[in-house]
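Hi,

Here's the structure I promised to pass along.

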Amino acid sequence: MTAFASIFILLVLGGLSLLVHNTAVTLSVAALLVIKLTPLSQFFPYIEKQGLTVGIVILTVGVLSPLVSGSLPPGTLLKSFLDWKSLLAIVVGIVVSWLGGRGVTLMSSQPTIVGGLLIGTIIGVSLFRGVPVGPLIAAGLVSLFIFNK
């Protein structure tokens, strides 16, 4: 793919993400454009290799922060094991984490899927009032259909 084509695709994705108010994709596209169009482009091999891991670390910090900040007291967390809704949430959390792991594997082994996941996410946000949080889970679900594991 030529440099122009990749920049064009980023601009289209950026435009769509602005249109549907998908701040995460808009900021990601902007960051990638800045990196692509400056001497920072030398870091693309590192970003490709470690970007997903760094993102997962940042996401995990965000998920754990209420526990550390005190807005989710440990007692409330322990009570989760006594309520059926919370137990269901634990089970769903386990399944979603497993799917996310499969999604990471799929996205690493078949990067051509990423474009479809982004387009699906943008359509889900714009037409179905979705929230742009699911590419890894979506990839995990796709992996159930195309892998025999």
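**What I found**

Let me start with one stretch: residues 84–101 are 100% helix and 0% strand, with end C-alpha atoms 26 Å apart. Keep in mind that this is a predicted model.

That stretch is one of three that the UniProt entry, which is unreviewed, annotates as "transmembrane region"; the others are residues 54–72 and 113–146. For residues 54–72, I get 84% helix and 0% strand, and the end C-alpha atoms lie 25 Å apart.

Zooming out, the chain has 7 helices and 0 strands, so the pattern along the sequence reads α-α-α-α-α-α-α. The C-alpha atoms fill a box of roughly 55 × 40 × 30 Å along the principal axes. Of the 149 residues, 20% count as buried. As for contacts with a separation of 6 or more, 58% of them come from residues 24 or more positions apart.

Now to helix 5, which runs over residues 84–109.

How do helix 5 and helix 7 cross? Their axes come within 6 Å, at an angle of roughly 80 degrees (helix 7 is residues 135–146). The two helices are therefore roughly perpendicular to each other. On the helix 5 side, the contact is made by V96, W98, L99, G100, R102, G103, V104, L106 and M107. Helix 7 brings P135, L136, I137, A139, G140, L141, V142, S143, L144 and I146. Sorted by class, that contact has 14 nonpolar, 4 polar and 1 charged residues.

One more spot to check is L13, which sits in helix 1 (residues 3–19). Is L13 buried or exposed? Its relative accessible area is 14%, under the 20% cut-off, so L13 counts as buried. Leaving aside residues up to four places away in sequence, L13 touches V25, V29, L118 and I122. There is also T26, 13 residues from L13 along the chain, with the two C-alpha atoms separated by 7.9 Å.

That's it from me for now.

Cheers

Definitions and conventions
Residues numbered from 1 in each chain as written. Predicted model: local features only at pLDDT ≥ 70, side-chain atom pairs only at ≥ 80, totals over all residues. Heavy atoms only, no water. Axes fitted to C-alpha atoms, helices over the stretch in contact; angles between N-to-C directions. Helix = DSSP H or I, 4+ residues; strand = E, 2+ residues; numbered from the N terminus. Parallel < 35°, antiparallel > 145°, perpendicular 65-115°, else oblique. Contact = heavy atoms within 4.5 Å. Nonpolar A, V, L, I, M, F, W, Y, C, P; charged D, E, K, R; others polar. UniProt positions renumbered as here; feature names shortened; annotations may be inferred. Buried < 20%, exposed > 50% of the residue type's maximum accessible area, 1.4 Å probe, protein only.
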